[in-house]
Amino acid sequence: MPRVPRRPSDEARRGAYKPPGVDAARSRRRREDRLLALRRRNRDAGLFKRRREEPSLTPAPVVSPSDAAADATAPPPSSEPSSPPSSPPPADALRAAADAELEGLSEMVDKVWSDDAATQLEATVQFRKLLSDGKNSTMIKIIRADVLPRFAEFLSRQRPPQLQMEAAWVLTNIAASDYTLLVAECGAVPRLIELLESPDANIRHQATWALGNIAADMPSCREIVLDHGAVTPLLAQFKEDMKVSVLRTATWALSNLCFGKLPAEVQVKPILEIVSLLIHSADEKILADACWALYYICDGVEGGIQDALDAGVCPQLVKLLMHASANILLPVIMSLARISAGDDTQVQVIVEQGILPCLAQLLARNYPKIIKKQACLIVSNITAGSKDQIQTSETDLKKEAAWAISNAASGGSSDQIQYLVSRGCLEPLCNVLKYQDVDLVYTCLEGLQNILEEGDIGKQRNESAMNPYAQFILENGGLDNLEDLQDFDNDAVYKLAMKLLERYWDEEVSDDANLTASKDHPAENVETVQPEDTAQPPVAASSVDGTE
C-alpha cells in the first residue's frame with residue numbers, strides 16, 4: 001500500500017509550543033453562568049402554570065418544567081369534579097353562557113359580598129365558570145371587580161363545604177394568568193397552605209395546584225409561598241396511597257418551589273428524601289418534575305450538590321441517562337453536569353457509578369443538541385478534574401472517556417464541534433489514535449475529520465492561510481500518531497488516516513519528503529564529498545508514549 005513518508009524529527013518546534021494555562025476556578029464559574037443562563041431560558045419558555053378547566057371541557061395543555069425545556073406540552077392532572085354533567089354541552093353554548101354571565105358581573109359581585117352562604121357559593125361557582133373561557137379580557141374585568149380578597153376569605157369558610165373548593169378553584173385559574181402577584185398578595189397564600197391539612201383530599205389537591213401556580217410566577221411570588229412555610233405541609237402530601245394525578249400535581253408544585261435560590265431557612269434534606277424516591281417513579285411526568293427539582297437544588301442551594309450525593313441520588317441518575325425520553329434526559333443530564341462541576345471528590349462519585357459508558361452511548365444516539373452539549377460538558381469536567389481522575393490506572397475507564405469524546409466529535413454539529421475544541425478535546429483525541437481498538441480509532445478519526453472540516457470553514461470565514469485545528473494537531477504530536485496508523489492492521493483505518501494526511505498536511509509531508517530526498521540523492525550538478533564519519537539523516541520522531 002502507498003505510504004506518506006515520515007517527517008524528520010522536529011522536537012524544537014513542538015518544544016517551543018506552550019499550551020495556554022487553565023484557570024480552573026474561572027472555568028467552573030463560566031460553566032455555572034452557562035447553566036444559569038440555560039435554566040433561565042427554559043424558565044422563559046413557559047411559566048410552568050396550569051389552569052383547571054371546567055369538568056365538561058377538554059383539559060388545556062400543561063406547561064411543566066420538563067415540557068417547557070423540550071418544547072412539548074402535556075395535560076394537567078385529572079381531578080374529580082363535584083358534579084360532572086352526563087354529556088358535555090357544545091363549546092358555542094358555553095361561550096354564549098359566559099358572555100351572558102359577563103354582562104351580569106355587577107350582580108355576581110353583589111352576591112359574592114352578600115351575607116348569605118348559599119348566595120356566596122352560587123356566585124363563586126358563576127365566577128369559576130366565567131373564568132373557564134380563558135379570555136384575558138374576562139380576567140381583567142373580574143380583577144377590577146376587586147373580588148380576590150373575598151375569595152381568599154372564603155378559603156377559611158368551612159360552611160358550606162363546597163365553598164372552599166370553589167374559591168380555591170377560582171384562585172388557581174387566576175394564578176395561572178399574568179396576574180399571579182395579585183393572588184399572592186390578596187391574603188390567599190396562608191389560607192391555601194392551611195388547606196393542605198384539610199380532611200378533604202380534593203381540597204388539598206386544589207390548594208396544592210394553586211400554590212404551584214403562584215410559586216411558578218416570579219421570585220417574589222415564590223418567596224411569599226416559602227415565607228409562609230409551605231414546604232413542610234407540601235411534603236406531608238406525599239403518601240403511599242396517593243392517586244397518580246395528585247402525586248403529579250404535588251411533584252410539579254414542589255419543583256416550582258425549588259426553582260431559584262432557596263432561602264437559608266428552608267431545609268433541603270427533607271425535600272431530597274422525597275425527591276430521591278420520586279426519581280424512581282414509572283410515571284414520566286412525576287419523574288421529569290422530580291429530576292428538575294433535583295437540578296434546582298444542585299444549582300441554587302449552597303452545598304446542594306453534597307446534599308444530593310448524601311441522599312444517594314447518583315446511582316439512579318446515571319441509570320436514567322439510558323431513558324428513552326428527552327423530557328427525562330434533559331433534567332437528568334443537567335443535574336449530573338452540575339455535580340460534575342463540583343469538587344474532585346464529588347466528581348469521583350459519578351465516575352465510580354459508571355457515568356462514562358452511559359455518556360458514550362448517549363453521544364452516539366440522535367438526541368437534541370442541548371443534551372449532547374451537556375454530555376460533552378460532563379466529559380470535559382471529568383477530564384479537567386484531579387490528576388488521579390485523568391491518569392487513572394483503569395484502562396477501561398480511560399477507554400470509555402475516549403469513546404465519549406470520539407462519539408461527540410464524530411456526530412457533533414458545528415456548534416458542538418466548536419464547543420468541544422474550546423474545551424480542549426483535540427489533544428485527548430490525538431492520544432486516542434494510539435489505542436489498538438479498531439472501532440474506537442476509526443470513530444476518533446471520524447471525529448478528527450469532522451473537526452478539521454469545521455476548521456476549513458473557519459479558515460475560509462476568517463480568510464486565514466491555515467486551518468487552526470490542523471496546526472494544533474501538528475503542534476501537539478497528533479500528526480505523528482496519524483502517520484503511525486499507516487502500519488495499523490485495518491484497511492478502513494489506514495484509508496481514512498491517509499485521506500486526512502494527504503488533505504490537511506500534504507504540503508508538510510511533501511516538504512519533509514523533498515528534504516529527505518535531497519539528503520539521500522544530492523543534485524547531479526553539485527559535486528560533494530562526504531566523509532565516512534558524517535552523521536546519518538535523523539530518524540523519525542518518537543511518538544508521545546516514547547515508542548518509535
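Tutor: A helix axis here is a line fitted to C-alpha atoms over the stretch in contact, and angles run from 0 to 180 degrees between N-to-C directions. The model is predicted.

Student: What is the handedness of the crossing of α12 and α15?

Tutor: The crossing is left-handed.

Student: Which residues of α12 and α15 meet?

Tutor: From α12 come H205, T208, W209, G212, N213 and A215. They meet S245, V246, T249, A250, W252, A253, N256 and L257 in α15. By class, this contact has 7 nonpolar, 7 polar and no charged residues.

Student: What makes G212 of α12 a polar residue in that count?

Tutor: The classes put Gly among the polar residues. G212 is one of the α12 residues in the contact, so it counts as polar.

Student: Why are α9 and α12 called roughly parallel?

Tutor: Apply the test again. Helix α12 (residues 201–215) and α9 pack at an angle of about 20°, and their axes are 9 Å apart. Roughly parallel needs an angle under 35 degrees. So α9 and α12 qualify. Their crossing is left-handed.

Student: Which residues of α9 meet α12?

Tutor: P161, Q164, M165, A168, W169, T172 and A175. Their partners in α12 are N202, I203, Q206, W209, A210, N213 and I214. By class, 9 are nonpolar, 5 are polar and none is charged.

Student: Q164 sits in helix α9 (residues 161–175). Why is Q164 called buried?

Tutor: Buried means under 20% relative accessible area. Q164 has 9%, so it is buried. Leaving aside neighbours within four places in sequence, Q164 is in contact with F154, L155, S156, R157, Q158, L195 and I203.

Student: How do you know that D146 is partly exposed?

Tutor: The partly exposed class lies between buried, under 20%, and exposed, over 50%. D146 has a relative accessible area of 49%, so it is partly exposed. D146 is found in the loop between α7 (136–144) and α8.

Student: Where is the cis peptide bond?

Tutor: It runs from R159 to P160, with omega near -10°. P160 lies in the loop between α8 (148–154) and α9.

Student: Which residues of the largest nonpolar core touch the most other members?

Tutor: F127, L192, I355, L445, L482 and W505, out of 157 residues in that core. Helix α17 (residues 284–300) gives the most to this core, with 12 residues. In soluble globular proteins, nonpolar side chains tend to be buried together.

Student: Which residues is I355 in contact with, leaving aside its neighbours within four places in sequence?

Tutor: V318, L321, L336, I350, I378 and I382.

Student: How many helices and strands does the protein have?

Tutor: The secondary structure comes to 32 helices and 0 strands. Buried residues make up 50% of the 548 residues. Among contacts with a separation of 6 or more, 73% join residues 24 or more positions apart.

Conventions: Residues are numbered from 1 along each chain as its sequence is written. This is a predicted model: local features need pLDDT of at least 70, side-chain atom pairs count only at pLDDT 80 or more; totals for chains, interfaces and linings use all residues. Side-chain values use heavy atoms; hydrogens and water are left out. A nonpolar core is a set of buried Ala, Val, Leu, Ile, Met, Phe, Trp, Tyr and Cys residues joined through side-chain atoms within 4.5 Å. Buried means under 20% relative accessible area, exposed over 50%, partly exposed in between (1.4 Å probe, protein chains only). Helices (H or I, at least four residues) and strands (E, at least two) are DSSP runs, numbered from the N terminus. Contact means heavy atoms within 4.5 Å. Angles under 35 degrees count as roughly parallel, over 145 as roughly antiparallel, 65 to 115 as roughly perpendicular and the rest as oblique. A crossing is left-handed if the near helix is turned anticlockwise from the far one by less than a right angle, and right-handed if clockwise.
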